[in-house]
Amino acid sequence: MSNLELARAGRPDSRIKIHGPEAFDGMRHAGQLTARALDLLVSEVKPGITTQSLDDFVFEFAMDHGAVPAPLNYRGFTKSICTSLNHVVCHGIPGERILKEGDILNVDVTLILDGWHGDSSRMYPIGKIPRAAERLNAVTYEALMRGVAAVVPGGHIGDIGAAIQSYAEDERCSVVRDFCGHGLGQVFHDRPNILHYGRPGEGTEMRPGMLFTIEPMINLGKPQVKIKSDGWTAVTRDRSLSAQFEHSVGVTETGVDIFTTSPAGLHQPPYETG
Ligand code: MF3
Ligand code: CO
Ligand code: CO
């Protein structure tokens, strides 16, 4: 590290935007719209349908609610959502693949409402899934929520990754290193990077008004990934199952606001209602 980097290490990073109450209101509205789309997908996702039909559904939902799907035409991405099936880690492209019993699917929705980005993803089991897949989904959701619980002003971004990594590895799972959470707000991907591994006390200090995502990708096998020839789809090198959950959050004076909580209480499978 340079002297400048040493001086900065662990100190507040002035390049990270600090947002006010209007931003928190905007993020809550966008986040809640995204969460409602994810709630509605629970009854859309079933054996026999294509991932393209889910893309169509979210596109229509966005249009009906005055929102724009952020992925559409983002850096050459041509769809409204990401659909990542089984050993796909993230950025799966919706298409004619038909969902079948036993699959696990991540749907990642980002809606822009009044200029603010709500970014969230959940896992969807297709019918009855193997026990190992159920366990991976549960471990990944718990990993996300342990990361969220580490968000506190005066804490460090490394606390988030440390909480996620220590839990996931204790559960004999691995943390993907090649993708991270990100600052967001009126831009989709901003400073800071939120690594899903690390050590407590490392990295930038968290301050009230920071907005970012936490979105751990957890594998049953090894952490290594490769990108397919479409330039987007990331898959596990060992073809082991991968899962991901994502929330958009804001640092408050006392802790954390989660913008993308499920209005219907459908945070994680098995999505039993009533
Ligand atoms: N929603 C993803 C994230 O969590 C990003 C998708 S970018 C796309 O950051 F272009 F692949 F859609
Ligand atoms: Co994200
Ligand atoms: Co996302």
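**Close-up views of the two cobalt sites**

**View 1. The pair of cobalt ions.** In this predicted model, the cobalt ion (ligand 2) and the cobalt ion (ligand 3) are 3.3 Å apart, and D119 coordinates both. Donors here are N, O and S atoms within 2.8 Å of the metal (3.2 Å for Na, K and Ca), and since water is not among the atoms, sites may look incomplete. Local features need pLDDT of at least 70 and side-chain atom pairs count only at pLDDT 80 or more, whereas totals for chains, interfaces and linings use all residues; side-chain values use heavy atoms, without hydrogens and water. Residues are numbered from 1 along each chain as its sequence is written, while chains are lettered from A and ligands numbered from 1 in the order in which they are written.

**View 2. The site of the cobalt ion (ligand 2).** Its protein donors, at 2.0 to 2.2 Å, are D119 (OD), H182 (NE2), E215 (OE) and E246 (OE), with the spacing D-x62-H-x32-E-x30-E along the chain. H182 is buried (under 20% relative accessible area, with exposed over 50% and partly exposed in between; 1.4 Å probe, protein chains only), having a relative accessible area of 5%, and E215 is buried at 8%.

**View 3. The site of the cobalt ion (ligand 3).** D108 (OD), D108 (OD), D119 (OD) and E246 (OE) coordinate this ion at 2.1 to 2.3 Å, and the donors follow the spacing D-x10-D-x126-E. D108 is buried with a relative accessible area of 11%, and E246 is likewise buried, at 0%.
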